[in-house]
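Subject: Structure handover and notes

Dear colleague,

I am passing on the structure below, followed by my notes on what was found in it. Please read them alongside the coordinates.

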There are 2 protein chains.
Amino acid sequence: MAGIIVISRQFGSAGRTIGKETAKRLGIPCYDREIIEQVAENSGFAKEYIENQGEYASHKTWLGRALESANRFDGMSNQDKIWVEQRKIILGFASSPCVIVGRCADYILDGMDGVLKVFIHADDKFRAERIVREYGEDGGNAEKRLKDKDKRRAAYYKKYTETEWGVAANYHIALDSGKLGIEKCVDILTDIYKSGL
Amino acid sequence: MAGIIVISRQFGSAGRTIGKETAKRLGIPCYDREIIEQVAENSGFAKEYIENQGEYASHKTWLGRALESANRFDGMSNQDKIWVEQRKIILGFASSPCVIVGRCADYILDGMDGVLKVFIHADDKFRAERIVREYGEDGGNAEKRLKDKDKRRAAYYKKYTETEWGVAANYHIALDSGKLGIEKCVDILTDIYKSGL
């Protein structure tokens, strides 16, 4: 296995755009929504449900816990089923050069040769402006939504990987897209890839 | 103020070497030991004492606490005095382009324009091999010493900055020198600097 870039990112930090641009320059595919689509196809769960399960806070209400155990017909929660399916799909994608965005791919492919683990982040101002512009989010709520999304991603990550999300030592490179600019981030990743992982 | 690179680093990750090499390529000074020397000159404390105070764990023994309060003749601990002196010296160095390694310079210069905050890290194997080779450390103790040094740096950083050491979002760029190689880290930092901070 060789030549895989996996990108984890703060919400609104342009991690997905950086992944897509880098893949385009390198002439390799970028998988992001495709993972969810494939999980949906293989598991029968709706895409939106899968997406929500991937950002589920680990501290559940009693109702959340009750619903979760009601779902455990075969001893696995729906979230666990999605995790297993997702893991399989990511390992499949990683059999040839590509960029993979999100879904704990950094953890799933950890320790494999030829994998570059990337974390993209930016300050709240850059991200809030970006989600208002790109996703049409309400400006007043943007910062609250950022914190909420990051918290959910961190909790999901922690639950399945038992590792802290966003700790520099867990990635080969972490970039502030607000400070450096999206283009420069793409330049750096493309250059590292071409030098050989 | 423009054109300052500040480097925080895990012990043994070659952060100092990367700083020195980057500065050399850019034709600007790199401050590292110079900070301690200047603090020694201005404060009268011995260099070794200053160095130790910069890696002082915040969880002290009763003896440590007793000695610290015995030192507070004028309401400031020696460690606080060193911090104040060090801060002044770092701000002085930062009045013209340079590279600064360690001593919480990233925090001291936080929010200023034209500053690039860098974190260098590497896995334990890379670092252990490096400290045995470079510093003549005993191989058997190397990994223990790494953990101890990092813990002290993190505790000192936390005490004076109230921020977590090594969290990706606190740096503009974080690099794994073991994975990427020292040369590549220097290339990336030199290139970012030349593109303008």
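A salt bridge is taken here as a side-chain nitrogen of Lys or Arg within 4 Å of a carboxyl oxygen of Asp or Glu. The model is predicted, so that local features need pLDDT of at least 70 and side-chain atom pairs count only at pLDDT 80 or more, while totals for chains, interfaces and linings use all residues. Residues are numbered from 1 along each chain as its sequence is written, chains are lettered from A and ligands numbered from 1 in the order in which they are written, and side-chain values use heavy atoms, with hydrogens and water left out.

On the interface, there are 2 salt bridges between chain A and chain B, and the side chains of Lys184(A) and Asp191(B) meet in a salt bridge at 2.8 Å, N to O. In contact terms (heavy atoms within 4.5 Å), 24 residues of chain A meet 24 residues of chain B. The area buried between the two chains, that is, the accessible area (1.4 Å probe) that two parts lose on being put together, summed over both, is about 1,700 Å², with 60% of it given by carbon and sulfur atoms. Taking helices as DSSP runs of H or I with at least four residues and strands as runs of E with at least two, numbered from the N terminus, the elements of chain A that give two or more residues to the side touching chain B are β4, β5 (173-176), α9 (177-180) and α10 (182-195). Among these, α10(A) gives the most, with 5 residues.

Two residues in these elements may interest you. Phe119(A) is found in strand β4 (residues 115-121), and it counts as buried because its relative accessibility is 1%, where buried means under 20% relative accessible area, exposed over 50% and partly exposed in between (1.4 Å probe, protein chains only). Phe119(A) touches residues of its own chain, including Trp165(A), Tyr171(A) and Ile173(A), and also Ala168(B), not counting residues up to four places away in sequence. Thr190(A), found in helix α10 of chain A, likewise counts as buried, at 4% relative accessibility. With residues up to four places away in sequence left out, Thr190(A) touches Thr22(A), Arg25(A) and Leu26(A).

Best regards
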